[in-house]
Amino acid sequence: MRLFKKQKIALALGGGAARGIANIGVLKVLSRERIPIDFIVGSSIGGLIGAAYGLGVPLYKMEKAALKFSWDKLADFSISKISILKGGKLEKLIVEFTDKKNFEDARIPFAITTTDIESGEELVYTKGNLQKIIKASCSWPGIFPPVKIEGRKLVDGGIRNSIPVKTAKRLGATKIIAVDIGFCVKKGHLDNLFQMFIQSIQILGEELDNYQSMQADIVIKPKLRDIDQFAFHHAKRAMLDGEAATQKVIPQLKKKLKLL
């Protein structure tokens with residue numbers, strides 16, 4: 001299925017919670033270097049940032065908002081059996097970050113990936129209730145409750161598409177720039193169940209990222225040393241790492257896209 005028949009160059013933005021803030025730094029350099037982007041596909045926080053960029057939200061405004069991100073602003077604890085948090089604060093943050101706009105307001109077309117938690121199926125959206133769809137794409141199971149859309153229980157798009165390169169290809173991309181936010185595998189002594197559980201997710205995620213990014217034409221991989229998914233206090237460094245990694249590949253990117 002090719003939804004964007006005339007477009008060629010796609011930007012695939014990966015998730016990663018606090019690490020995903022590096023996507024803003026990536027966009028700053030791509031914008032400054034006038035790299036043409038015909039459409040964007042994003043998973044999780046990559047979907048949030050990609051949607052905001054596609055909607056024309058200024059990068060300086062995104063950067064200012066990202067510097068205010070914190071777990072305090074997301075934490076609305078729940079007594080539910082299926083999630084730790086209610087998700088109301090997440091939805092409010094998404095509405096503010098996207099300037100209350102919708103798919104129809106896009107200057108650059110974009111798609112958001114989600115996962116049906118009951119079937120394991122990937123669902124990709126290019127229309128509908130934007131804020132609700134982004135919320136679904138950002139809702140890691142157990143942390144946030146599934147978002148019900150058209151009878152489906154949808155969760156984080158990054159479960160199936162940590163870097164949505166295959167989705168970009170299905171939507172008609174001929175060249176794909178992928179942002180590999182990666183995971184945070186920390187080397188050191190682990191002495192409790194929680195640490196081992198988190199470390200196992202990081203290892204699995206890192207392997208999935210490596211596999212999915214191989215299918216892109218250009219991969220931008222910010223360093224993000226010791227910045228884990230919870231480290232929103234390192235937002236500034238994450239953005240700077242995103243800028244540095246993008247600037248490094250610009251000559252190769254321009255050559256690949258025949259912009260030189």
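Q: Which classes do the residues in the lining of the largest pocket divide into?
A: In this predicted model, the lining of the largest pocket divides into 29 nonpolar residues, 10 polar ones and two charged ones.

Q: And what volume does that largest pocket have?
A: The largest pocket has a volume of about 1000 Å³. It is lined by 41 residues, and the ones closest to its centre are Gly16, Ala17, Trp140, Asp156 and Gln229.

Q: Which elements give two or more residues to that lining?
A: Those elements are α2, which covers 45-54, then α4, which covers 88-97, and α7, which covers 193-213.

Q: OK, which one gives the most to it?
A: That is α7, which gives nine residues to the lining of the largest pocket.

Q: What about the second largest pocket, what is its volume?
A: The volume of the second largest pocket is about 340 Å³. Its lining has 14 residues, and the closest to the centre of this pocket are Ala65, Phe69, Leu93, Glu96 and Phe97.

Q: Which elements give two or more residues there?
A: For the second largest pocket they are α3, which runs over 59-66, and α4, and α4 is also on the list for the largest pocket.

Q: How does the lining of the second largest pocket look by class?
A: By class, the lining of the second largest pocket has seven nonpolar residues and seven charged residues, with no polar ones.

Q: Switching to helices, at what angle do α1 and α3 pack?
A: Helix α1, made of residues 22-32, packs with α3 at an angle of about 165°, and the axes of these two helices are 10 Å apart. Angles over 145 degrees count as roughly antiparallel, and α1 and α3 are therefore roughly antiparallel to each other.

Q: Is their crossing left-handed or right-handed?
A: The crossing of α1 and α3 is left-handed. On the α1 side the contact is made by Ile24, Leu27, Lys28 and Ser31, while on the α3 side it is made by Leu59, Met62, Glu63 and Ala66. By class, this contact of α1 with α3 has five nonpolar residues, one polar residue and two charged residues.

Q: α1 also packs with α8, so what angle is that?
A: Helix α8 consists of residues 235-256, and α1 and α8 pack at an angle of about 40°, with their axes 7 Å apart. The two helices α1 and α8 are therefore oblique to each other, and their crossing is right-handed.

Q: Which residues of α1 and α8 make the contact?
A: From α1 they are Ala22, Ile24, Gly25, Val26, Lys28, Val29, Leu30 and Arg32, and from α8 they are Ala238, Met239, Gly242, Glu243, Thr246, Gln247, Ile250 and Leu253. The residues of this contact divide into nine nonpolar, four polar and three charged.

Q: Last pair, at roughly what angle do α4 and α5 cross?
A: The axes of α4 and helix α5, which is residues 130-138, cross at roughly 125° and come within 9 Å. Helices α4 and α5 are therefore oblique to each other, and their crossing is right-handed.

Q: And which residues make that contact?
A: The α4 residues in the contact are Leu90, Glu91, Ile94 and Val95, and the α5 residues are Gln131, Ile134, Lys135 and Cys138. The contact of α4 with α5 divides into five nonpolar, one polar and two charged residues.

Technical notes
Residues are numbered from 1 along each chain as its sequence is written. This is a predicted model: local features need pLDDT of at least 70, side-chain atom pairs count only at pLDDT 80 or more; totals for chains, interfaces and linings use all residues. Side-chain values use heavy atoms; hydrogens and water are left out. On a 1 Å grid over the protein atoms alone, a cavity is a set of points where a 1.4 Å probe fits but cannot get out, and a pocket is an open set with protein on both sides within 12 Å along at least five of seven lines; lining residues have an atom within 4 Å of a point. Grid points are joined across faces, edges and corners, and a volume is the space filled by probe spheres set on the points. Helices (H or I, at least four residues) and strands (E, at least two) are DSSP runs, numbered from the N terminus. Ala, Val, Leu, Ile, Met, Phe, Trp, Tyr, Cys and Pro count as nonpolar, Asp, Glu, Lys and Arg as charged, and the others, Gly among them, as polar. Axes are lines fitted to C-alpha atoms, for helices over the stretch in contact, and angles run from 0 to 180 degrees between N-to-C directions. Angles under 35 degrees count as roughly parallel, over 145 as roughly antiparallel, 65 to 115 as roughly perpendicular and the rest as oblique. A crossing is left-handed if the near helix is turned anticlockwise from the far one by less than a right angle, and right-handed if clockwise. Contact means heavy atoms within 4.5 Å.
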